[in-house]
Amino acid sequence: MLIRFGTSNFRSFKEYQEISLVASSLDEDKGYLLNVNSDKFKHKLLPVIGLYGANASGKSNFLKALGFMINVILYSHTKGDVAGGVPSQPFLLDPSYKEQSSTFDCDVIIDDIRYHYGFSLNKKEIIEEWLYDYPNGKKRILFHRNINESQVYYFGDNIKGNKQRIKELTRDNSLFISVAARENHAQILPIYKYFNDNLIFAQPEDKDKFRSDDTINYFEQDSLKEKIKDFLKFADTGVNDFKVKTMKITEESRQQTIAFAKA
């Protein structure tokens with residue numbers, strides 16, 4: 001589960017901004033809130049949030065920041081330019097920020113454990129990268145990478161595996177977590193998979209990338225199908241099950257669908 005996400009020096013965001021899914025402590029009906037299956041995290045989370053603001057106030061850019069973070073995690077090692085460079089998008093209205101680093105970080109809960117992960121980068125390289133966990137409600141460092149330190153990589157006592165090999169394979173413009181996942185690191189792979197499998201990110205301009213076949217494949221996944229069924233039951237829709245059926249859409253049926261949507 002995503003707890004919070006923050007960013008700075010990205011597109012229209014100059015200073016650090018964050019969005020949190022932690023529910024407030026207001027006295028009201030909280031039946032819709034998500035209970036975290038962990039006795040180490042005492043807060044409840046919001047199942048959905050909305051971003052409101054005037055046109056050009058930064059709503060889309062904040063979502064793009066989250067999408068950018070996910071893409072760097074998933075593809076910096078496999079699709080990054082071996083010759084160097086990072087496709088960063090710094091705040092441009094202040095010339096001094098053009099060469100400064102951009103930061104992205106988040107807190108998530110995976111298998112009942114809270115993780116804090118983030119990184120900073122500029123157009124040339126990854127400046128800093130860090131990963132902490134809270135297995136007993138207390139912060140532990142798994143690794144910290146900072147090119148401005150005499151010892152660039154620091155590994156905590158609780159991270160196992162062949163860290164040195166992964167460090168040697170990590171380019172200046174790729175994330176350690178991306179390489180570790182490719183090397184099937186037992187502790188880091190579930191975190192990488194969380195961003196790959198759970199944070200499905202789509203924007204209006206991406207609509208052509210999501211074909212009907214992709215939608216069908218999502219609905220036919222057993223784990224996702226069960227979640228959808230549970231949601232439909234929870235929403236009291238009267239629907240207990242569903243199945244996927246493909247059919248050819250005629251012009252007549254398409255017009256009927258449009259008319260129904262406008263009604």
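1. A nonpolar core is a set of buried Ala, Val, Leu, Ile, Met, Phe, Trp, Tyr and Cys residues joined through side-chain atoms within 4.5 Å. In this predicted model, the largest such core has 44 residues, and those with the most contacts inside it are F5, I73, Y117, F119 and F195. Its largest share, 9 residues, is supplied by helix 1, which spans residues 59-75. Apart from this there is a second, separate core of 5 residues, among them I3, V36, F41 and I109.

2. Y117 deserves a look of its own. When its neighbours within four places in sequence are set aside, Y117 is in contact with M69, I73, F104, D105, C106, E129, W130, L131, F143, L175 and I177.

3. Turning to the sheet, 7 strands form an open arrangement in the order 2-1-3-4-5-6-7, with antiparallel pairing. Strand 2 (17-20) and strand 7 (153-155) stand at the edges with a single partner strand each, so one side of each is left without a neighbour in the sheet. From one strand to the next, the twist averages 5°.

4. Strand 5 (residues 126-134) and strand 6 (residues 140-146) pair in the antiparallel sense over 6 bridges, and Y132 stands opposite I141 in strand 6. As background, strands of a sheet pair through backbone hydrogen bonds, either parallel or antiparallel.

5. Which strands does helix 1 touch as it packs on the sheet? It touches strand 1 (2-8), strand 2, strand 3 (102-110) and strand 4 (113-121), and its direction makes about 95° with that of strand 4.

6. Helix 4 (residues 189-197) lies across strand 1, strand 3, strand 4 and strand 5, running at about 105° to strand 3. Within helix 4, the residues I191, Y192, Y194 and F195 are buried. Seen down the axis of helix 4, the buried residues fall within an arc of 150°, so they line one face of the helix. The elements that cover these buried residues include strand 1, helix 1, strand 3, strand 4, strand 5 and helix 3 (176-182).

7. Finally, S174 is found in the loop between helix 2 (163-169) and helix 3. Is S174 buried or exposed? Its relative accessibility is 0%, and because buried means under 20%, S174 counts as buried. A polar atom of the S174 side chain lies 3.0 Å from the backbone nitrogen of R171. Leaving aside neighbours within four places in sequence, S174 is in contact with S76, H77, I126, R145 and V179.

Technical notes
Residues numbered from 1 in each chain as written. Predicted model: local features only at pLDDT ≥ 70, side-chain atom pairs only at ≥ 80, totals over all residues. Heavy atoms only, no water. Buried < 20%, exposed > 50% of the residue type's maximum accessible area, 1.4 Å probe, protein only. Helix = DSSP H or I, 4+ residues; strand = E, 2+ residues; numbered from the N terminus. Contact = heavy atoms within 4.5 Å. Pairing = 2+ DSSP bridges. Axes fitted to C-alpha atoms, helices over the stretch in contact; angles between N-to-C directions. Arc of directions from axis to C-beta. Polar contact = N/O pair within 3.5 Å; in protein donor to acceptor, adjacent residues only side chain to side chain.
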